[in-house]
Each structure stands twice: as structure tokens, then as C-alpha cells.
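Visitor: I have a few questions about the wording used for this model. Could you take them one at a time?

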Amino acid sequence: MVDDRSILVTGAAGRLGSVGRTVTGLLLDRGFSVRAMVRREDERAASLRAAGAQVVVGDLLEPGDVYRVVRGCGRVYFGMSVSAGYLEATVTMAAVAREAGVNALVNMSQMTVSEMSIQNTTPSHQQRQHWLSEQTLAWSGLPVVTIRPTMFLESFLQLAAPSVRNRDRIELPFGRGKTSPVSAPDVAQVVAAVLADPVPHLGLIYELTGPKSQDLDEVAREFSEALSRRSRTPTSAPRSGNRS
Ligand SMILES: NC(=O)c1ccc[n+]([C@@H]2O[C@H](COP(=O)([O-])OP(=O)(O)OC[C@H]3O[C@@H](n4cnc5c(N)ncnc54)[C@H](OP(=O)(O)O)[C@@H]3O)[C@@H](O)[C@H]2O)c1
């Protein structure tokens with residue numbers, strides 16, 4: 001017997017985008033009972049508990065832990081840090097969610113998966129794991145909603161910050177590629193809205209982007225304007241990445 005007002009949020013402690021942590025708060029605000037899964041008892045766990053979540057400690061790579069935290073929850077948000085065991089964790093979650101009778105599983109994926117297929121894959125291990133994870137969840141027959149965001153703005157800022165701070169340059173290996181980072185709290189808003197009322201969304205894929213797709217030169221112009229600073233390095237001597 002599962003309870004649809006009881007929602008499991010994995011990866012709830014939060015490290016990078018903290019989507020799980022934000023989703024936990026948004027669902028508590030809406031009056032849901034939230035089981036927040038963390039890896040360890042620490043100050044992040046304590047603050048989730050203080051906010052009203054039922055904090056559960058476990059490892060997404062341990063089937064017994066996953067069964068213990070999923071059991072009884074009607075809805076699940078599945079997201080965890082980029083790591084080698086991502087696919088294994090997804091398969092474990094799928095097996096457990098089927099066994100436990102979960103009614104809706106919101107899966108955090110990546111925008112790149114939209115461009116991937118059997119014939120067209122990427123060298124990135126993580127992107128392949130997300131593609132395979134989506135395949136697995138589709139085969140599982142579970143009621144899944146897929147969220148595919150572009151790069152989180154918070155990740156972009158974290159990566160760009162050191163060279164902007166130290167050299168007034170953005171040094172990232174994007175070449176001429178364009179990106180449209182999306183704010184992780186905005187992604188969390190979407191996840192929470194879906195979890196609050198999943199039925200109309202089941203089987204759908206949501207691709208989430210920022211407002212504007214631009215290359216790093218354009219991004220650098222915005223940084224320069226916002227910071228009132230220009231590149232200190234001559235633009236004729238780039239070694240790699242793009243310049244600010
Ligand atoms: N960052 C981006 O730009 C971006 C863009 C698009 C999609 N995504 C996807 O978003 C997801 C990550 O989202 P996020 O930034 O919200 O994550 P996050 O803030 O880094 O939080 C992920 C949480 O997962 C927990 N975790 C890791 N391994 C675990 C395990 N074996 N068992 C239990 N918990 C585990 C971590 O716990 P600890 O903190 O204790 O280590 C962490 O708190 C990934 O699927 C990623 O591919 C990211």
C-alpha cells in the first residue's frame with residue numbers, strides 16, 4: 001500500500017545544484033509528507049529535518065536501503081550526483097519502484113540525451129549513463145516523467161568563476177558551442193510541480209533551458225558588462241577555451 005501524499009526525494013542533502021533539497025522545501029510548503037534521502041547524518045540532514053522532512057539515511061547503490069526508503073511512498077524524485085554508479089543506481093531504483101508499486105517517478109536526466117541514439121552517442125560516460133538510464137526506465141514500464149535540463153547555471157558559474165576572478169577570462173572547453181544554462185532552483189520548481197500532480201505528465205519528457213542560447217563570447221560580454229571589467233589578457237593569445 002503506497003501513500004500518494006508521501007513523496008521520496010533522493011539526493012536531498014544537495015551538493016551542486018541541490019535540486020533535491022529545493023524540491024523537498026517546495027513540497028513541504030505544499031503540505032506533502034516528504035521523505036528526504038541523504039547519504040549521511042550531517043548539518044544538511046539536520047536542516048532538512050528542521051524544515052519538516054522525514055530524513056532517511058541510505059545508499060542508492062544498496063538495494064536494501066533503496067527498498068527501505070521507497071516503501072510506502074507513492075511518488076519518487078530520483079536524482080543523484082554524477083558518479084560511476086549512476087546507471088546501477090537507476091536500475092536498482094527501477095526494480096524497487098516496481099516492487100513497491102510507485103505511482104510516479106520523476107527522473108533527473110540531461111538535455112544531451114535529446115541528441116543521443118544508438119547510432120549517435122557521445123564519449124561522455126555520464127551522458128551515456130543518463131541515456132541508458134532513460135532506456136531502462138522506459139523498459140521498466142514504470143510511470144515515469146523525465147526532466148532534461150541543460151547545464152545548471154550554478155555549475156556554469158562554479159566552473160567559470162576561478163578564471164574570471166583571477167584572469168578576467170572565461171576558460172571553458174566549449175569551443176564555438178552554444179549553451180543556455182538553466183537555474184537549478186527553476187528546475188526544482190518544475191520537478192515539484194510534476195510531483196505535486198504527476199498524472200497529466202506521466203510518460204512525458206521536459207527539456208528545460210535558460211532564456212538564451214549563446215556562445216562563450218556572448219556570455220563573456222554579459223559578464224564584462226555586469227562586472228564592469230574587461231579581459232586583461234590580449235585576445236590574440238588564446239591557448240584553449242574562450243576569452244572574456
Ligand atoms: N550540474 C549540472 O549542470 C546538471 C545539468 C543537467 C542535469 N544534471 C543532473 O542533475 C543531477 C544532479 O543534480 P544536483 O546538482 O541537484 O545534485 P547535487 O546537488 O550534487 O546532489 C546530489 C546528491 O546525491 C547524493 N548522492 C550521491 N551518491 C549517492 C548515493 N550513492 N546514495 C545516496 N545519495 C547519493 C549526494 O550526497 P552527498 O552530498 O552526501 O555526496 C548529493 O547530495 C545529475 O543527474 C546530473 O546529471 C546536472
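Guide: α3 passes α4 in a right-handed crossing. Right-handed means that the near helix is turned clockwise from the far one by less than a right angle, left-handed anticlockwise. Helices (H or I, at least four residues) are DSSP runs, numbered from the N terminus. This is a predicted model: local features need pLDDT of at least 70, side-chain atom pairs count only at pLDDT 80 or more, and totals for chains, interfaces and linings use all residues. Residues are numbered from 1 along each chain as its sequence is written.

Visitor: What makes α3 oblique to α4?

Guide: Helix α3 (residues 63-70) and helix α4 (residues 86-100) pack at about 45°, with axes 9 Å apart. Axes are lines fitted to C-alpha atoms over the stretch in contact, and angles run from 0 to 180 degrees between N-to-C directions. Under 35 degrees is roughly parallel, over 145 roughly antiparallel, 65 to 115 roughly perpendicular, and the rest oblique. So α3 is oblique to α4.

Visitor: Which residues of α3 and α4 meet?

Guide: Pro63, Val66, Tyr67 and Val70 in α3 meet Thr92, Met93, Val96, Ala97 and Ala100 in α4. Contact means C-beta atoms, placed from the backbone, within 7 Å. By class, eight are nonpolar, one is polar and none is charged.

Visitor: Why is Leu137 called buried?

Guide: Leu137 has 21 other C-beta atoms within 10 Å. Buried needs 20 or more, exposed 12 or fewer, and partly exposed lies in between. Therefore Leu137 is buried. Leu137 sits in helix α5 (residues 125-140).

Notes: Helices (H or I, at least four residues) and strands (E, at least two) are DSSP runs, numbered from the N terminus. Two residues are in contact if their C-beta atoms, placed from the backbone, lie within 7 Å. Ala, Val, Leu, Ile, Met, Phe, Trp, Tyr, Cys and Pro count as nonpolar, Asp, Glu, Lys and Arg as charged, and the others, Gly among them, as polar.
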